[in-house]
Amino acid sequence: MDLRRVCGWSLLLGLTMLPTLSNAAGKCDRLIVTGSPDAPPYLWQDPQNPKKLIGASADLLQQVAGELGIKVELLYAGKRSQALDEVRSGRMDMLADAPLTVSELEALDYIHPPLLENDYLVWTRKDSALVYNQAQDLHGHPGALSEKSRMTPAFGTFADQQLTLTRTPNLTQAFQKLLLGEVEFVLAGRYSGMAAAQALSMANDLIPRAEPIDKPGLYLAVSHNSACNDPWLRGQLAKKMTELPASGLTDAALQRNIERWKAQQQQQQQPVSAPKQ
């Protein structure tokens, strides 16, 4: 056989295999992930192991990563701003609950669609006469919002221009203002509001209005400086995020973690602290 022909076929075969070999070499089998330490039922610090984060976001990420053959460690990195710094730097690979902000696109690759959507609802007292069908209905009525809430930029602009909102250090204080009649409504997440109302024994006094006023996504966001940030990982995660809504896993994880958080509060036998958001 012509030696040149053999060498040519060998070279061609080698070239065709390069992308496959490159993808295999680039595949990451372990991710170090962090996020908010005080946002139940999505993420919070595990009281049994304070170095770790638990919650619905953690459960869902573990599920999809396991299906991809990737090990995930969800670790506490400090308060929200510290967690973001750890991921920006590449010391940690990913945020599990990143709000989509233009300023962070220089440091993070967001995986679309989001892992979870955090429906923000209008919460009022049960005896409230406030008529609410759309955001404009709140114009002229005093309201409250935790300063830790992360709304979409579009809604933030609308709220600044059209709404009268008192920003409180946390959701507990916002709900207390509502019960005291100092405000007519509170903007809070569907599940964080539910968990807070139950923890504060306010569930019988407050009601959430059905129509969300804002729906910010909680995204997986991979650091540009992570050694694991490659097209294979981003593509596979995006595929899994697309499949999640129809799987039924999301609602199950949220309900399970509301009960988990409440049980932990009861076990601690201390004054219950509500979610910070």
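These questions and answers go through a predicted model of one protein chain.

Reader: How many helices and strands does the protein chain have?
Author: The model is predicted, and its chain counts 277 residues. Its secondary structure is made up of eight helices and 14 strands.

Reader: What share of the residues counts as buried?
Author: Buried means under 20% relative accessible area. The share is taken over the 277 residues of the protein chain. It comes to 46%.

Reader: How much of the accessible surface belongs to carbon and sulfur atoms?
Author: The accessible surface of the protein chain is about 13,900 Å². The part that belongs to carbon and sulfur atoms is 52%.

Reader: Among contacts between residues at least 6 apart in sequence, what percentage joins residues at least 24 apart?
Author: Contact means heavy atoms within 4.5 Å. Take the contacts in the protein chain between residues at least 6 apart in sequence. Those that join residues at least 24 apart make up 72%.

Reader: Is Asp97 buried or exposed?
Author: Asp97 sits in strand S6, residues 94-98. Its relative accessibility is 1%. The limit for buried is under 20%, so Asp97 counts as buried.

Reader: Which side chain makes a polar contact with that of Asp97?
Author: Setting aside neighbours within four places in sequence, Asp97 is in contact with several residues, including Gly35, Leu43, Arg80, Arg150 and Leu218. Tyr219 is also among them. The polar contact between side chains spans 2.9 Å, and the partner of Asp97 is Ser36.

Reader: How many aromatic pairs does the structure hold, and what is the geometry of Tyr110 with Tyr219?
Author: The structure holds three aromatic pairs. In the pair Tyr110 and Tyr219, the ring centres are 5.8 Å apart and the planes stand at 90°. Planes over 60 degrees apart count as edge-to-face, so this pair is edge-to-face.

Reader: How far apart in sequence are the parts that Tyr110 and Tyr219 tie together?
Author: Tyr110 is buried at 10% relative accessibility, and Tyr219 is buried at 11%. Tyr110 lies in strand S7 and Tyr219 in strand S14, residues 217-223. The pair therefore ties together parts whose separation in sequence is 109 residues.

Reader: Which elements hold Trp123 and Phe175?
Author: Trp123 is buried, with a relative accessible area of 4%. Phe175 is buried too, at 0%. The pair ties together parts 52 residues apart in sequence, because Trp123 lies in strand S9 (residues 120-125) and Phe175 in helix H5 (residues 171-179).

Reader: How many salt bridges does the whole structure have, and how far apart are the closest N and O atoms of Glu117 and Lys215?
Author: A search of the whole structure gives 19 salt bridges. Glu117 and Lys215 form one of them. Their closest N and O atoms are separated by 3.7 Å.

Reader: Where do Glu117 and Lys215 lie, and what sequence separation results?
Author: Glu117 is partly exposed at 44% relative accessible area, and Lys215 is partly exposed at 41%. Glu117 lies in strand S8 (residues 116-117), and Lys215 in the loop between strand S13 (206-208) and S14. The pair thus ties together parts separated in sequence by 98 residues.

Reader: Which residues make the nonpolar surface patch of about 280 Å²?
Author: Leu105 is partly exposed, with a relative accessible area of 44%. It is found in the loop between S6 and strand S7 (108-110). The patch is made by Leu100, Val102 and Leu105.

Definitions and conventions. Residues numbered from 1 in each chain as written. Predicted model: local features only at pLDDT ≥ 70, side-chain atom pairs only at ≥ 80, totals over all residues. Heavy atoms only, no water. Helix = DSSP H or I, 4+ residues; strand = E, 2+ residues; numbered from the N terminus. Buried < 20%, exposed > 50% of the residue type's maximum accessible area, 1.4 Å probe, protein only. Polar contact = N/O pair within 3.5 Å; in protein donor to acceptor, adjacent residues only side chain to side chain. Patch = residues over 30% accessible without salt bridge, like charges linked within 9 Å, V, L, I, M, F, W, Y side chains within 5 Å. Areas by Shrake-Rupley, 256 points an atom, 1.4 Å probe, with all protein chains shown as cover. Salt bridge = Lys/Arg side-chain N within 4 Å of Asp/Glu carboxyl O. Phe/Tyr/Trp six-rings, centres within 6.5 Å; stacked < 30°, edge-to-face > 60°.
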